[in-house]
Amino acid sequence: MILDTQDNPEREPLVLPRNEIGHQAILLNIVMALAYFFVIAFLFPVDSRILFAILILGELFHLWQIFTYLHTLWRKERPHAFNPEFQPGVDVFITVAGEPEEVIEETVRAATGMQYPNFTVHILNDGLVAGKANWREPRQVAKKYGVDCITRTMPGGAKAGNINHALAETHEPFAAVFDVDHAPHYDFLTKMMGYFIDPKVGFTQSPQYYRNHWMSGITGGAWEQQELFFGAICRGKDTMNAAFMCGTNMVIRRSALLEAGGMHETSITEDFLTSLFIHARGWKSVYVPEVLAEGLAPEDFRSYYSQQSRWARGSLEMVFRYNPLFKKGLTFSQRIQYLASSSYYLSGAVVFVNALFPLIFFYTGLEPFRASTMALATIFLPYIFLVIYTLQKSTNFSYTFRALGLSMSAFPIQMKAFVQILSGKKAKFVVTSKRKLSGNFAHLAAPHILYVAAAMIGMSYAVWHQGFTASVVDNIAWALFNIAAFTPFIMAALPAARPSRAIEPATAIQPAEKQAIS
Amino acid sequence: MKTALRTTDIATTLDTEVRSSHAAAVRTAALLVLFIGIAAVFSAVLFVNQSLRLDESQSLWQSSRSVWGTILIVSHDVHVPLYHLLLHFSEELFGNGVPTDRMLSFIFFAAAIPVMYKIGSYAYGRSAGIFAALITAVSPFLNWYGNETRMYSMLMFITVLNQYYFIKIYRERRGGWWWYGATALIGSFVHYFFALVLLTQALFYFTNKKLFPRHTLRNFFIVAAIIVIAMAPWFYLVKQSGTFANSSPGLAKPTSIDIFNIFSQFLFGFQTDGLNTIIVALWPLAMLFGFLLLQSRREVSPETAYFFMGFAIPILGAYAVSVIWSPVFLARYLTVAVPSLYLFVSWMLSAYPRAVSRAAKTALVAAMVAGVLVQGVSAATPVKEDYRDASEYLTANAEASDIVIISAPFTIYPVDYYYRGAAAIATLPAWDRYVIGPIPAFSSSTLPAQTTSLTANHDRAWILFSYDQGYQKNIKDYFDRHFQLLDTKNFSPGMTLYLYQIRQAPNLGSLLQVPIQITSSTATSSLSTAIASSTAR
């Protein structure tokens with residue numbers, strides 16, 4: 001379904017807001033984070049040395065995450081040169097690998113409707129090399145809309161290989177890239193191309209908006225995660241010339257891409273890695289925070305799981321194979337920002353061990369340290385509430401508990417990706433399904449269900465064994481927190497008790513979202 | 001025809017809306033009456049017939065004199081006089097007696113319930129308002145002070161009323177200053193800690209100036225000036241009494257645990273140490289409640305920020321003053337923080353997704369009701385002071401040849417209220433209530449002589465300990481070493497009666513050597529000085 005926001009010049013633009021957190025609040029966050037770390041690292045007597053060491057490692061990682069997030073938030077804006085009269089030729093690539101015809105058609109129709117004087121639409125058809133039965137359908141769509149269809153016959157490099165192949169077949173100085181489920185607005189090119197007036201700009205990127213975010217817990221949670229990323233994080237990265245390509249809704253300068261060696265085919269997050277190489281060669285990037293294309297979030301748990309797996313695997317590859325700290329040509333801020341984004345997926349291990357602490361206490365009585373539970377609360381609660389406030393304020397009150405729960409619950413995905421990289425297992429590019437897969441995906445949430453069961457048994461055991469002591473009650477509360485955080489993930493994995501809403505809201509952009517327009 | 005139809009439609013729609021709004025108003029009123037009824041049932045069944053507590057006996061004693069006498073005696077105390085004057089007139093109108101005297105506090109408590117609805121619905125809508133009123137009605141903390149002959153329910157009522165008019169100033173941006181000023185002035189005469197409400201409002205104003213209409217600062221200054229002028233004679237009187245410097249209560253310095261305890265007390269009442277430990281050890285759930293607030297587009301409104309400041313500033317401010325200067329950190333003094341906390345909680349729980357919100361609200365109300373019941377029924381409730389049982393026991397068992405010794409000395413007031421026995425009453429340390437000045441400090445060196453004097457002509461000594469001021473163990477140890485312990489009886493937490501066999505021969509002469517306090521209800525105003533410097537209220 002094409003939304004009126006997509007081709008309606010009267011529509012209000014949806015701009016993901018910049019963060020409004022003040023420097024004082026950022027500094028206070030830093031002080032509180034350090035104070036909290038100091039207290040738990042040095043003031044409490046250690047109980048189990050091993051658990052304490054693991055806890056401290058986890059807390060160091062948290063410090064890294066909070067500091068890099070605050071680093072992202074520090075600057076509010078970076079001025080960019082923009083000339084709406086700059087209208088060079090653009091090849092518009094729509095990458096296809098066996099998706100349904102109607103999905104292709106919708107995006108092609110939107111792309112051909114773009115108001116820009118000089119562009120050619122190409123369907124990059126990988127259906128044949130992907131062995132899809134419907135690989136001829138893109139050709140029919142191309143014929144119907146009078147656009148070009150480039151069908152690969154030699155496999156290799158997945159999506160990156162598809163784009164590289166198309167680059168060899170086309171000639172315009174710029175290429176706009178869309179996943180097949182991301183339909184551009186009529187003004188996509190007019191709002192993206194003007195930045196290339198600066199000859200050092202290598203690529204521009206706009207947000208991935210999920211227009212089906214109202215559909216289910218999964219699509220909603222996925223969009224809320226995106227809002228944090230494409231809001232505060234990408235806008236912050238842009239101030240440091242560290243915004244990276246996100247695979248779709250982007251425009252690349254051909255010369256920059258070729259200088260970086262084309263799209264990197266060795267990674268399953270080719271966009272992320274290619275951005276690193278482009279930046280390393282001194283090119284600039286521009287993040288345009290306005291929604292200029294509308295796409296689809298994974299509609300089922302299996303697809304969401306597979307998308308998260310791909311991102312985790314690809315991002316962690318950057319840490320271990322292309323570590324930005326040691327990449328020549330990057331600025332200090334770019335190194336920090338690339339490492340922050342890629343190392344995010346290590347947080348799964350930290351979530352996992354933190355979740356284990358209450359269980360270990362229930363069954364063994366061991367804790368990382370012995371402290372008056374209230375002494376810990378005195379330092380922890382003000383700190384965590386400040387973090388919550390910062391998160392809310394910096395995302396313009398768009399981040400949700402559901403998104404947080406889904407992020408925390410991704411720990412098995414992230415840990416699996418981590419183990420695969422350490423063991424050198426080769427990754428396979430899996431295209432996120434554009435059709436809702438049905439079925440019971442409870443097995444994907446097995447670690448979380450197991451955790452809930454182990455926690456419930458552990459609570460009973462600890463109460464029976466030790467009574468309602470402060471430590472037991474405290475650990476029960478921690479376990480309940482983890483269970484609450486895992487609940488959205490478990491619920492999404494279980495078969496739906498009732499079908500998801502079939503009726504789309506009247507407008508894709510909800511009134512509340514309009515408040516976010518800046 | 002079409003026009004006529006349209007007019008009819010509009011009239012019907014308006015009529016339906018009016019009727020529906022009327023029905024909603026009736027439903028709300030019915031709910032509020034129900035909530036007040038619940039509080040009244042709690043009061044009648046659980047609280048009103050409890051024993052008079054130490055602080056209450058002081059209120060009764062202070063307000064039992066003339067208007068000017070009441071003002072004078074309160075000026076020697078750590079409080080401002082408005083509540084005592086109302087109690088004075090209430091006693092004149094309705095007579096005295098513990099249930100009657102407690103009724104005044106209950107009236108303020110009951111009146112606070114609809115006002116909480118008013119401010120809650122004004123800030124967040126009907127549903128949050130009703131929930132705020134409900135948790136007020138079932139609050140163990142407010143039920144306790146709503147049935148105590150003290151000023152705290154009046155303080156709560158005037159605080160919430162004042163906050164309502166404060167919010168109206170910036171929300172409606174016109175007028176409302178008279179009501180705001182009047183409530184601010186009244187609040188200032190109810191309790192000194194009402195100043196924390198005004199301090200919070202000042203801080204909120206200076207951090208949110210844009211919200212307020214023009215001339216706000218000028219109007220605040222006018223209100224402040226009126227309060228200062230109105231209170232000037234009172235401060236002069238307090239200064240003249242010479243007790244201002246001695247008016248700080250004898251409290252221990254708080255620790256960080258006390259901050260959590262105060263939240264626990266505000267929400268779940270005064271529970272035993274064991275239960276309270278369980279409640280405060282659940283603190284990680286506070287983090288969960290915080291994270292659950294992460295809801296798309298749930299921005300923090302100015303009212304929410306104000307209510308947050310409304311409980312955080314008084315609590316942290318009192319804590320800081322207690323640590324840095326002089327301990328004043330006491331839950332009942334901080335009653336001014338309770339309405340803001342309840343309104344903040346109402347907002348928080350209403351902001352959650354519907355299913356979570358319902359579950360959380362139900363759980364909180366259930367826990368609060370359980371808190372009221374346990375607090376009311378359990379003999380182990382830490383704030384219970386069963387002077388009635390202790391005094392009646394003494395009346396029945398102490399003989400004329402015995403002596404009843406009360407420690408700490410100021411606890412003689414509630415015992416005095418109930419005790420009708422034949423044995424004489426004295427205090428340890430020895431104290432003459434009729435002599436101006438503070439209660440004599442305890443001294444180990446004078447303990448033997450004072451004990452000898454007190455017990456000289458008596459066969460047995462009954463010692464009632466309550467309100468340990470740090471020397472209870474010294475007295476107990478001394479008696480254990482020198483006399484035979486015959487019996488022990490506990491009446492409420494911290495209140496224990498010991499009976500000792502005195503082995504000395506009677507010596508009538510020694511009776512004259514120490515001031516022994518005989519039961520009397522004709523104390524003079526000089527006593528207040530002693531109370532003020534020795535007790536924590």
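This is a predicted model: local features need pLDDT of at least 70, side-chain atom pairs count only at pLDDT 80 or more; totals for chains, interfaces and linings use all residues.
Chain B contains 22 helices and 5 strands. It has 537 residues, of which 46% count as buried. Among the contacts in chain B with a separation of 6 or more, 76% are between residues 24 or more positions apart.

Strand 1 of chain B pairs with strand 3 of chain B, residues 460–465, through 5 bridges, and the two run parallel. In that pairing B:Ile406 stands opposite B:Leu464 of strand 3. Strand 1 of chain B also pairs with strand 2 of chain B, again in the parallel sense, over 4 bridges. Here the bridge partner of B:Ile405 is B:Ala426 in strand 2 of chain B.

Two peptide bonds in this part of chain B need a comment. Most peptide bonds are trans. The bond joining B:Ser407 and B:Ala408 is cis, with omega about 5 degrees. B:Pro429 is placed in the loop between strand 2 (424–427) and helix 20 (447–455) of chain B.

The next topic is the contact between the chains. Chain B contributes 23 residues to it and chain A contributes 28 residues. On the side of chain B that touches chain A, helix 12 (256–268), helix 13 (273–281) and helix 14 (284–292) of chain B each supply at least two residues. Helix 14 of chain B gives the most, with 8 residues. By residue type, this side of chain B divides into 15 nonpolar, 5 polar and 3 charged.

Within chain A, helix 17 (residues 446–466) and helix 18 (residues 470–493) have axes that come within 10 Å and cross at roughly 165 degrees. Angles over 145 degrees count as roughly antiparallel, and helix 17 and helix 18 of chain A are therefore roughly antiparallel to each other. Their crossing is left-handed. The residues of helix 17 of chain A in this contact include A:Tyr451, A:Val452, A:Ala455 and A:Met459, and those of helix 18 of chain A include A:Ile476, A:Ile483, A:Phe486 and A:Phe489. The residues of the contact divide into 14 nonpolar, 3 polar and no charged.

Chain A also has an open sheet of 3 strands, in the order 5-10-7 and with mixed pairing. Strand 5 (183–184) and strand 7 (209–210) of chain A stand at the edges, each with a single partner strand, so one side of each lacks a neighbour in the sheet. Strand 5 of chain A pairs with strand 10 (residues 293–295) of chain A in the antiparallel sense, over 2 bridges. A:Ala183 has A:Glu294 of strand 10 of chain A as its bridge partner.

Backbone angles in two loops of chain A come next. Most residues other than glycine have a negative phi. A:Asn241, which is not a glycine, has a positive phi of about 55 degrees. A:Asn241 sits in the loop between helix 8 (217–238) and strand 8 (250–253) of chain A. A:Asn241 is buried, because 20 other C-beta atoms lie within 10 Å. A:Asn396 likewise has a positive phi, near 55 degrees. A:Asn396 is in the loop between helix 14 (373–394) and helix 15 (401–409) of chain A, and with 20 C-beta neighbours inside 10 Å A:Asn396 also counts as buried.

The last stop is A:Tyr338, in helix 12 (residues 332–343) of chain A. A:Tyr338 has 28 C-beta neighbours inside 10 Å and therefore counts as buried. Leaving out residues up to four places away in sequence, A:Tyr338 touches A:Ala242, A:Leu276, A:Met318 and A:Pro324. The C-alpha atoms of A:Tyr338 and A:Phe244 are separated by 8.6 Å, although the two residues are 94 residues apart along the chain.

Terms used:
Residues are numbered from 1 along each chain as its sequence is written. Chains are lettered from A and ligands numbered from 1 in the order in which they are written. Axes are lines fitted to C-alpha atoms, for helices over the stretch in contact, and angles run from 0 to 180 degrees between N-to-C directions. Angles under 35 degrees count as roughly parallel, over 145 as roughly antiparallel, 65 to 115 as roughly perpendicular and the rest as oblique. A crossing is left-handed if the near helix is turned anticlockwise from the far one by less than a right angle, and right-handed if clockwise. Two residues are in contact if their C-beta atoms, placed from the backbone, lie within 7 Å. Ala, Val, Leu, Ile, Met, Phe, Trp, Tyr, Cys and Pro count as nonpolar, Asp, Glu, Lys and Arg as charged, and the others, Gly among them, as polar. Two strands pair if DSSP finds at least two bridges between them. A residue is buried if 20 or more other C-beta atoms lie within 10 Å of its own, exposed if 12 or fewer, and partly exposed in between; C-beta atoms are placed from the backbone.
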